[in-house]
Amino acid sequence: MNLTLHVWRQPDAGSAGRLERYEARGVSPDMSFLEMLDVVNEGLIEKGEAPIAFDHDCREGICGSCGVMINGVAHGPMAGTATCQLHMRSFRDGDEIVVEPWRARAFPVLRDLVVDRSPLDRIIEAGGFISIATGNAPDAHAILVPKQDADSAMDAAQCIGCGACVAACPNASAMLFTAAKVSHLGVLPQGQPERDRRALGMIAQMDLEGFGGCTNYGECTEACPKGISLETIARMNRDFRVASLRARPESAAAAGAP
Amino acid sequence: MSIELKSNVPAGPLAEKWDRHKFDLKLVNPANKRKHTILVVGSGLAGGSAAATLGELGYNVHCFCYQDSPRRAHSIAAQGGINAAKNYPNDGDSVWRLFYDTVKGGDFRAREANVYRLAQVSVNIIDQCVAQGVPFAREYGGLLANRSFGGAQVSRTFYARGQTGQQLLLGAYSALERQVAAGTVQMHTRTEMLDLIVVDGQARGIVTRDMVSGAVETWFGDAVVLGTGGYGNVFYLSTNAKGCNVSATYRAYKRGAAFANPCFTQIHPTCIPVAGEHQSKLTLMSESLRNDGRVWVPKQKGDTRAPGDIPDAERDYYLERKYPSFGNLAPRDISSRSAKEVCDEGRGVGPGGRGVYLDFADAIARLGEDTIRERYGNLFEMYQRITDEDPYKVPMRIYPAVHYTMGGLWVDYNLMGTIPGLFVIGEANFSDHGANRLGASALMQGLADGYFVLPYTIGNYIATHKLAKVDASHPESRAVVAQVNERMRRLLAVNGTRTVDSFHRELGKLLWEHCGMARNAEGLRTALARIPELRAEFWKDVKVLGTGEELNQSLEKAGRVADFMEFAELMCRDALVREESCGGHFRTEYQTSDGEAKRDDERFAHVAAWEYTGDDSPPVRHVEPLTYENVQLATRSYK
Amino acid sequence: MSTPLAFARSTVGRKVIMAVTGLLLVGFVLGHMAGNLLVFKGPEALNGWGAFLKSSALVLWTVRLGLLAAVGLHVWAALTLIRLNQVSRPVAYAKRVPQASTRSARLMRVGGIFLLVFIVFHLLHFTTGTIHPGYTFSHTDVYGNVVSSFQVPWVALFYIAAMVALLAHLTHGIWSFFQTMGWSHTRYNPARRVVATVVALIVSLGFIAIPSAILGGMLR
């Protein structure tokens, strides 16, 4: 099939960008969306034009590297699917496809469809962990975790950090990403000691990075390739509210401990 | 300078070696640790866990990854699980059994002491990961669930749905980010290592390229740790992520690190078959599917009937037929080769005839669709997304694909390569899997190296070596930087007619043909003749646009493919010299009358480690004999 | 690390402020609506209720100031978040197709501002009597004020329009309240939508009944 693409081209972070039109000919329905872009790029290189830069790596929907806005929908028309696993059979011959990078103040474009998602790492840095040093952890069976809790932790832990939730949110909010981690660790017994600190720290960092706020639209969940639910956001809201109410100022002595 | 392969395995009974060794290792004064800088390249299970742990210990760590976040390293794609000798199900597992299975599974081409240590620390890994909040699957009683995996006769595999690698990596990543916040680790994302700086015979630094600005930078430290994964992408089509490459380990090889057993590559039996020329990578379907799926092809050649129309009597469940006791769970190399055989006989299914069925109809009838959905739901969905076929109704089509590379840089018991100060961990080293890796053991090895082995052994190196300060003004550093820049300049200057990918694809096909699932001397010689030609064409005709001072994905790929072009030759050379069949290395000349691999323990019970001697002279093959004091060399039989 | 200031500065904190003040205001409009329905019992009932509400200046002003504070905080949180959300995506998409958001959610901003305008009008209209199109305002004859003003079609229609906006606002707002307070549970989540929609319908239909009845000539 033949398609017309309108792809965002931008040489670097400092330059202006614009949509450029490309014809993709002889596209097979069995190609993935990224393979279609590969083919377009091969043609561009042969013509001496700069290929379209886009992030990608595992191409099996788990690393979270890829992700573009396809016809106004994050990761394209197929629900629960990252861009790399979207196949061209989701399109029809003659379709026009607009391809844009994730857009958010917190995600500046580096080139073409490549954006800087390092704010997501910094949100994790601000508390998305359990403080346990390597070695001498208690036996794995020392802590019982009800299956339901393990399952719901896993539901949230599946987040691949692609940033589609931010891209899809009308407010460019990172609530779903942040909530997925808060929720994953918050429902497990291992996560309890730091639960308050985690919610407060991660939300403060999220705000600091310049993401928008949540208005409960639900666009994030819809765009999420892993279907992380809005319930995670509710859990994070609760953790934040509870933590804000009961947090005591740390005593100077305690804060100084390593 | 010739290489000496000293394994440095400590003396004493097998079960006590590691504990004794740990006591013998010198320690670094806690107050001094922050004065020692360690460069960790790669942020997967091995690199990420090592960087985090070294940071916790107080070292000054720099960690590098080419992805935009350490969380995206390819360990994330591992599906099935992680082995550990916990014996929670009480089915007869033990450290010894895991050790034995791993040595046997590796077809007796791994170092006993390393494997035993791996089995020992496997139990700590599970404890560590659970404490980090890794949401392993659990039973209703709240205890961890286990399953049998990849040919093991005990249930020792821990898993988190079909995303075990992801969850373990996110655990390591969270530990890493905690250290980043604590200031002990500096993370350098979108930064690719392009070369190693060796000063006075010791690994002291690396040269990197900032993949956004293009800046070429140097970093120095007391030791360099490579956790840069395997080289499966030399085949172009593999289950590896697109960015996986051999450059870091190959550059180290060219600076003096011996490369061990490069011909040991693992072909995973259950991947989705190739759909067409545009194919950019292959997708693995977890081997756990073989627990409930039955593998078959039609008995008749060229049978084009729909699978449902072929009656049971006309189906060949060839794994169950050939290996009655292991059946569909036969180890990876055996399953892969059997699939190739039936396809070579013309009984393959699907477009191009390169595929076999993995059928769940019986399991669905026995256990119900809901149980199957619970076990494999996400895998089935993935299959359906890619192929547009519903595996609940039609059998899956699978075919083997390159998946893992057991070969890697040679390391001693301390995980140090032949260049002092260069440590190699995870898939990047050769150490634990011999000629074939068992399912769910890669995650185990990556984390064992990173969490529990390297942090001890690297301390000993640092404590026992007094190192002079080195910086970018050192003549060696300048020379390496100049070479790196010159190479990039050359790649950009060719301005030929063919894309990097087209060369990579051609190289991949050549290797798959001659150095893939089955090899022979003639094919390997053909490949060895063709690779240098192809390399010459590459350097004459490749087209890399743009400049080095910008985000330039073609330039990144070109550098990696240029290294694959050289590495491929080493791989074929190794395969040619190893005149035996063992594990993933199957030489058609060396097989039994019923088509099974024929090992030659007389001549080849050793590790082959290659030393680079210059672009114009052949590499030198060194040998580390493998002595088995605790297990009996046996013919692997899964019948 | 958490102070009231930090709480109010946080996007989530401001949402909680909106949720709590929103709940107060929902309570208020429910009571307000129920009181208003006394109009159907005749002038005495309604005027008596009006007089009762004003019987204690202390209570009256406490409630009034409380409501004013709630509205103030609610609007402050909303406006600052709207501003933040606008700057969080400096370059708009050339093409964007919403996938999940409900119309009521997307109307929160415009609808909220419309309701704010309405509240100002409403206070000038029925509380202070500053606006009294075509009749004389009385501080004691609430019934008279209501009937006379809703006989003016544009006034009645304006009120009905505002109550439709309130319907949309509460449909998303009440559901959103549960979400923001963190009360989410797969088992009870479907009920959140039902509760939100039912409460929103009761409030808005209760209010709409009055101008409709007057326009239709049922009350005079």
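Of the 2 pairs of chains in contact (heavy atoms within 4.5 Å), chains A and B share the most contacts. The structure is a predicted model, in which local features need pLDDT of at least 70 and side-chain atom pairs count only at pLDDT 80 or more, while totals for chains, interfaces and linings use all residues; side-chain values use heavy atoms, with hydrogens and water left out. Residues are numbered from 1 along each chain as its sequence is written, and chains are lettered from A in the order in which they are written.

We can start with the interface of chains A and B. Here 76 residues of chain B are in contact with 75 residues of chain A. The area buried between the two chains is about 6,200 Å², buried area being the accessible area (1.4 Å probe) that two parts lose on being put together, summed over both. Carbon and sulfur atoms give 51% of that area. Salt bridges between chain B and chain A number 7, each being a side-chain nitrogen of Lys or Arg within 4 Å of a carboxyl oxygen of Asp or Glu. One salt bridge joins the side chains of Arg161(B) and Asp155(A), at 3.0 Å from N to O.

Several elements give two or more residues to the side of chain B that touches chain A, including helix H2 (45–57), helix H5 (164–182) and helix H15 (553–577) of chain B. Helices (H or I, at least four residues) and strands (E, at least two) are DSSP runs, numbered from the N terminus. H5(B) provides the largest share of this side, 9 residues. By class, this side of chain B has 28 nonpolar, 27 polar and 21 charged residues; Ala, Val, Leu, Ile, Met, Phe, Trp, Tyr, Cys and Pro count as nonpolar, Asp, Glu, Lys and Arg as charged, and the others, Gly among them, as polar.

Turning to chain C, the contact takes 47 residues from chain A and 41 residues from chain C. About 3,700 Å² is buried between chain A and chain C, 54% of it from carbon and sulfur atoms. Asn216(A), Tyr217(A) and Arg241(A) supply 17% of the area that chain A buries against chain C, more than any other three residues. The count of salt bridges between chain A and chain C is 0, whereas 25 residue pairs are in polar contact across this interface. No contact joins chain B and chain C, whose closest C-alpha atoms lie 17 Å apart.

Within chain B, strands S6, S7 and S8 form an open sheet in the order S6-S7-S8, with antiparallel pairing; two strands pair if DSSP finds at least two bridges between them. The edge strands are S6 (191–199) and S8 (216–220) of chain B. Strand S7 (residues 202–210) of chain B pairs with S8(B) over 5 bridges, and Gly205(B) has Phe220(B) in S8(B) as its bridge partner. Helix H12 (residues 475–494) of chain B packs on the sheet, touching S6, S7 and S8 of chain B.

Notes: Axes fitted to C-alpha atoms, helices over the stretch in contact; angles between N-to-C directions. Polar contact = N/O pair within 3.5 Å; in protein donor to acceptor, adjacent residues only side chain to side chain.
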